[in-house]
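Dear colleague,

Please find the sequence and the structure below. My notes on them follow.

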Amino acid sequence: MTVAAVLVAYVAGLGILGSRMLGRASWTARAPLLGIVAYLAAGWSVIVALGLAGLTLAVHATALGGGLSHLIGACVHRLQATYGTPGGATVAGLGLTLAGGVAARTVLTAMTHFRTAGRQALRHAQTARLVGQPEPAFGAVLVEHSQPAAYCVAGRQPTVILTTGAVQALDPAQLDAVLAHERAHLAGHHHRLQALARIAREVLPFLPLTRDAEEQVARLVELHADDAASRARDPRLLATALVVLATAGSPAPTLAAGATDAVQRIHRLLGPCEPLGRARRHMIRAAVAALALTPVLLALSPAVLALVLGRIPAA
């Protein structure tokens with residue numbers, strides 16, 4: 001019961017305060033990929049913690065540190081014991097319901113999202129290939145349209161889509177920077193990172209952390225693609241291209257060069273900040289790893305304590 005209460009408190013604390021803390025952190029714009037990992041680790045940490053809270057109500061926490069046979073035996077023993085304790089069966093039933101509900105909602109949400117998004121992306125890519133023309137020189141499908149736009153569609157047929165309006169509006173160097181940005185989205189599997197954030201929000205939509213994580217991950221994947229496109233190019237080329245593409249729309253599910261906080265991205269490209277130092281990167285990585293492991297460590301702490309105490313000889 002104590003472990004479950006601690007895990008629920010962890011969910012509430014991180015779910016409410018985590019969004020404010022990460023939202024105020026300026027380092028995420030200087031290390032976008034690390035910021036994405038931090039948001040995903042925090043969001044999925046609360047989901048795991050909530051599921052483990054229910055599990056520890058149904059099964060004594062010390063049983064979680066053993067093997068499968070130990071866990072099954074503990075479940076049987078707990079069921080026998082709870083019926084002999086006033087309210088015990090109710091608590092165990094609520095725990096199983098909570099753990100099962102979190103697990104089922106997570107699995108069903110993930111399956112539905114990946115199936116729907118995969119179908120939409122495949123249909124979009126196939127339609128673009130039908131109405132457009134593959135252009136090997138650009139490594140993209142060229143679609144006849146006056147509106148300047150460039151975006152990519154991930155999935156089984158990853159495709160970069162470029163309009164004739166963009167070819168006419170951008171000079172060759174700017175166009176190369178935009179295409180590098182789109183290829184960075186595909187190479188970095190940014191659609192999967194956004195999917196993880198979206199699934200977390202749908203599983204726990206009432207927490208500020210999971211609600212904000214989806215928007216923040218969408219912002220940070222654009223910054224990460226900007227950085228990748230600017231490594232071997234003048235960042236000003238991409239910045240000027242964004243001015244042209246900023247007002248261009250792109251249908252979902254896509255990752256577009258001109259989408260998501262274009263003004264902030266332009267300022268960032270024109271006046272780049274110093275990258276994070278190695279020591280600070282290591283420190284943040286350690287904090288993120290600790291964040292991801294905290295629910296499991298909390299759930300297993302009674303088992304670890306029992307193991308340690310069992311090895312200490314009595315005085």
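**Notes on the structure**

At 23% relative accessibility, W44 counts as partly exposed; buried means under 20% relative accessible area, exposed over 50%, and partly exposed in between (1.4 Å probe, protein chains only). W44 is placed in helix 3, where helices (H or I, at least four residues) and strands (E, at least two) are DSSP runs, numbered from the N terminus. Leaving aside neighbours within four places in sequence, W44 is in contact with T106, L196, I199 and A200; contact means heavy atoms within 4.5 Å. The C-alpha atoms of W44 and R201 are separated by 9.6 Å, although the two residues lie 157 apart along the chain.

This is a predicted model, in which local features need pLDDT of at least 70 and side-chain atom pairs count only at pLDDT 80 or more, while totals for chains, interfaces and linings use all residues. Residues are numbered from 1 along each chain as its sequence is written, and side-chain values use heavy atoms, with hydrogens and water left out.

**The chain as a whole**

The chain holds twelve helices and five strands. Of its 315 residues, 44% count as buried. Among contacts between residues at least 6 apart in sequence, 71% join residues at least 24 apart. The accessible surface of the chain comes to about 16200 Å², and 65% of that belongs to carbon and sulfur atoms; accessible areas come from the Shrake-Rupley method with a 1.4 Å probe, and for residues only the protein chains shown count as cover.

**The nonpolar cores**

In soluble globular proteins, nonpolar side chains tend to be buried together. A nonpolar core is here a set of buried Ala, Val, Leu, Ile, Met, Phe, Trp, Tyr and Cys residues joined through side-chain atoms within 4.5 Å. The largest such core has 41 residues, and those with the most contacts inside it are W27, V46 and V217. At least two residues of this core come from each of helix 1 (2–24), helix 3 (32–58), helix 5 (88–131), helix 8 (190–203), helix 9 (208–230) and helix 12 (278–311). Helix 3 gives the most to this core, with 13 residues. Not counting residues up to four places away in sequence, V46 touches V11, L14, G15, L204, L207, L209 and T210. A second, separate core of 23 residues includes A150, L175, L238 and A241.

Helix 3 also contains A58, which counts as buried at 7% relative accessibility. A58 and L98 are 40 residues apart in sequence and 9.6 Å apart in space, C-alpha to C-alpha.

**Helix 10**

Which residues of helix 10 are buried? In this helix (residues 235–245) they are L238, A239, A241, L242 and L245. Seen down the axis of helix 10, its buried residues fall within an arc of 165 degrees, so they line one face of the helix; the arc is that of the directions from the helix axis to the C-beta atoms. R236 and V243, on the other side of helix 10, are exposed. The buried residues of helix 10 pack against strand 3 (150–153), helix 6 (164–169), helix 7 (172–187), helix 9 and helix 11 (262–270).

S230, in helix 9, is buried, with a relative accessible area of 15%. Not counting residues up to four places away in sequence, S230 touches P235, L238 and L269.

Helix 2 (27–30), helix 9 and helix 11 are the elements that give two or more residues to the lining.

R268 is found in helix 11 and is buried, with a relative accessible area of 16%. Not counting residues up to four places away in sequence, R268 touches A29, P32, L223, D226 and D227.

**A backbone detail**

H189 lies in the loop between helix 7 and helix 8. Phi of H189 is near 50 degrees, a positive value in a residue other than glycine. H189 is partly exposed, with a relative accessible area of 38%.

With kind regards
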